[in-house]
Every structure is written in C-alpha cells, then in structure tokens.
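Biologist: I'd like a quick tour of this one. Can we start with how its parts touch?

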Amino acid sequence: LTDKPAVLVARRAPEAVLQRLQASFEVDYHDGELPLPPAELQARLHGKAGAYITGTERITAALLDACPALRVVCTMSVGYNHIDLAACTARGVLVTNTPDVLTESTADFGFALLMATARRMSEGERLLRDGGWKSWAWDFLAGSEVHGTTLGILGMGRIGQAIARRGHFGFGMPVIYHNRSRLPVDTEAELGARYVSKETLLREADHLVLVLPYSAEAHHCIAAPELALMKPTATLVNVARGGIVDEDALALALRERRIAAAGLDVFEGEPRVNPALLTLPNVVLTPHIASATLPTRRAMAGLAADNLIAALTGGKPPTPLNPEVLSA
Ligand code: 8YV
C-alpha cells in the first residue's frame with residue numbers, strides 16, 4: 001500500500017515524464033497511441049485523483065459525476081474544447097493546459113502549411129512520384145505569391161501573433177486580423193497588423209490563417225457565405241480545430257475554384273478525413289502535427305506533468321485554466 005495519490009496517464013508519454021510522474025504518484029499507465037474508449041477511460045479514472053490526458057480524451061460532466069475522487073485534469077494541449085471546463089469548475093476540479101511552449105513550433109508549421117499550399121508543394125510531389133513530370137511550361141505548377149501579399153489572421157492569440165510576426169518580418173506581408181478583442185496599439189504596430197471586421201478580413205486576405213480556439217460560437221464560422229467573400233486567388237489555412245470550417249462547403253469552393261487552395265492540419269471528424277477533401281488536387285492535408293517537434297512535444301508533456309505534480313502535492317500549478325478552484 002502507498003499513500004501516493006493515484007493518477008491515470010491516459011496516453012503514451014515520454015519516458016522521462018513518466019518517470020517523474022511515477023516518482024510522485026501511483027500511476028495507472030495506458031501505454032498506447034490510441035485513446036481509451038470512453039467507457040474504459042471512465043472506468044480507469046474512477047478513484048483517481050488526477051488525469052494526464054491529451055487533446056483527444058473527452059472530459060464530460062457525466063464522466064466527472066462518475067469519478068468523484070478526481071481533483072485535477074491536465075491536458076497536454078493548448079486547446080481544451082474536449083474538456084467541459086464549466087462542469088469541472090462547478091465540481092472544484094482543476095484543469096490545466098500547455099500554452100506558450102508550443103507557440104513557436106505551431107507558428108512555424110502554420111507558415112509552412114501556408115507556403116506549401118500557396119506554392120502547390122504536395123501537388124508537385126504527387127505528380128513527380130506518379131511519374132507525371134514530363135515537360136516544362138511557363139505556368140507549370142505555378143502557384144500564388146506569398147511575399148508582399150496580404151496575410152489575414154482569424155484569432156490573434158499567441159500563435160496568431162507568432163504567425164503574424166513571421167509574415168511581417170520574414171515575408172514583408174501586410175497583416176490584417178480579426179479577433180474577439182483588439183490587440184494593444186503598440187503590439188499592432190510591432191506586428192504591422194491592422195484590426196479589421198471579419199468581412200473585410202475575408203475580402204482582403206490573400207492568405208487566411210485560422211488560429212482561433214474552438215467553441216460553439218466558432219463552429220462552422222467559415223462556411224459557404226464566408227468562403228463566397230474570399231478572393232478566387234486566396235488560400236485558406238487551418239491549424240486550429242476542424243469544426244471551425246464547414247468542410248463540405250470548403251470542398252465545393254475548392255472544386256469550383258472559388259478559392260485557390262487550402263492547407264488543413266485539422267479535421268472535424270479526425271482522424272477520419274472528409275472524403276470530399278481527399279480527391280481534390282488543390283489541398284495540402286496533414287494529420288494534426290502543427291506542434292509536432294520532439295522538443296516541443298517534450299516541453300508540452302513536461303508542463304502537463306508539472307501541473308499534475310504541483311496540483312496534487314500542494315504546489316502552485318503553472319498554467320491553470322480555472323485558477324478560481326484553487327482559492328475556493
Ligand atoms: C496537440 C493541439 O498535438 O495543443 C493543441 O491544442 O491541438 C496539439 O498541439 C494535440 O491536441 C494532442 O494533445
């Protein structure tokens with residue numbers, strides 16, 4: 001018998017992180033790449049004080065009610081739309097996420113996806129691998145310009161600002177953005193960013209990057225009417241959550257060339273991908289890897305562990321989402 005708190009580590013974690021957790025806790029470890037089915041997640045969380053999860057395991061009010069011993073949920077992700085935060089707060093369950101440590105690598109990937117999409121990299125590689133590279137023409141695989149064109153950002157949080165910085169300083173791009181709230185004037189000046197309405201953003205962006213958190217309000221906020229406002233030469237990039245975009249409407253707009261191309265790292269039903277997207281030439285599709293560098297993933301896992309250890313050993317969790325439960 002041990003007096004260490006019991007926790008569930010619900011997905012494979014880096015070895016060093018697991019060892020730190022095992023030093024502090026009685027760890028029930030799901031050493032797998034697939035998420036636990038919801039019923040098994042609930043069964044294994046029962047009686048545990050803490051949960052170390054990723055961006056996939058859903059934490060619902062019903063699950064919380066079935067696991068009354070649970071005091072803290074630490075997700076190894078910055079997004080937390082998979083967690084019912086209000087239900088956690090109402091039950092005094094602390095929730096933590098992993099902001100900041102993934103900002104720069106996610107912005108790198110967002111910009112890379114923009115480049116790959118505008119410059120038709122996947123299409124070119126597919127053609128080459130399929131033996132279709134036979135000739136040269138002046139417009140062979142000619143794409144859209146990136147440098148000097150207008151970069152639009154929907155959702156100007158930490159990652160949005162990091163992408164804006166890359167566009168402004170690296171590629172001489174005028175930046176326009178729309179967000180729930182305006183940035184301070186000096187931050188706008190530093191990023192060369194201009195606040196505009198959502199409609200102006202859609203109309204004026206040459207490359208539009210979605211980096212807003214997912215919520216009921218953000219669900220399908222890019223659908224047919226929004227796509228209709230975009231330039232036929234524009235590209236759309238999504239590194240946020242799939243549910244922000246109406247994928248059927250997007251596939252139609254891409255097929256009819258009402259926008260030029262899209263780069264998507266996230267999908268509404270992932271890991272399932274809408275078949276309408278899979279057959280289009282003018283898309284770059286990646287399997288939700290915007291934060292996937294080893295240093296960043298280690299930092300995210302380490303921060304999730306820091307939060308879990310602090311929360312259950314009387315320390316101060318570094319990145320709480322509902323710090324009010326700590327003072328209750
Ligand atoms: C994660 C993410 O890879 O942080 C997020 O919100 O979407 C990604 O960085 C994913 O959620 C796994 O935890």
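This is a predicted model: local features need pLDDT of at least 70, side-chain atom pairs count only at pLDDT 80 or more; totals for chains, interfaces and linings use all residues.

Biologist: Where do the two domains run in the chain?

Modeller: Domain 1 takes 6–99 + 294–327. Domain 2 is 103–285.

Biologist: And how far apart are their C-alpha centres?

Modeller: The centres of domain 1 and domain 2 lie 32 Å apart.

Biologist: Switching to helices. How do α1 and α13 pack?

Modeller: Helix α1 covers residues 15–24 and helix α13 covers residues 294–312. Their axes are 10 Å apart, at an angle of about 10 degrees.

Biologist: Which residues make the contact?

Modeller: From α1, V17, R20, L21 and S24. From α13, A301, G302, A305, L308 and I309. By class, the contact has 6 nonpolar, 2 polar and 1 charged residues.

Biologist: Now the ligand. What surrounds it?

Modeller: The residues around the ligand are T54, G55, M76, S77, V78, G79, L102 and S291. That shell holds 3 nonpolar and 5 polar residues, with no charged ones.

Biologist: What does UniProt list for residues 7–322?

Modeller: The unreviewed entry gives "domain: D-isomer specific 2-hydroxyacid dehydrogenase catalytic" there. Over that stretch the chain is 38% helix and 14% strand. The end C-alpha atoms are 20 Å apart.

Biologist: What feature does UniProt place at 111–290?

Modeller: The unreviewed entry has "domain: D-isomer specific 2-hydroxyacid dehydrogenase NAD-binding" at those residues. Here the chain is 36% helix and 14% strand, and the end C-alpha atoms are 10 Å apart.

Biologist: Backbone next. Which residues does the cis peptide bond join?

Modeller: E270 and P271, with omega about 10 degrees. P271 sits in the loop between β11 (261–264) and α12 (275–278).

Biologist: Last one. What is the phi of R120?

Modeller: About 55 degrees, a positive value, although R120 is not a glycine.

Biologist: And where is R120?

Modeller: R120 is in the loop between α5 (103–118) and α6 (121–129).

Notes: Residues are numbered from 1 along each chain as its sequence is written. UniProt positions are given in the numbering used here, feature names are shortened, and annotations may be inferred rather than shown by experiment. Helices (H or I, at least four residues) and strands (E, at least two) are DSSP runs, numbered from the N terminus. Axes are lines fitted to C-alpha atoms, for helices over the stretch in contact, and angles run from 0 to 180 degrees between N-to-C directions. Two residues are in contact if their C-beta atoms, placed from the backbone, lie within 7 Å. Ala, Val, Leu, Ile, Met, Phe, Trp, Tyr, Cys and Pro count as nonpolar, Asp, Glu, Lys and Arg as charged, and the others, Gly among them, as polar. A residue is near a molecule or strand if its C-beta atom, placed from the backbone, lies within 6 Å of it. Domain bounds come from an automatic or database domain assignment.
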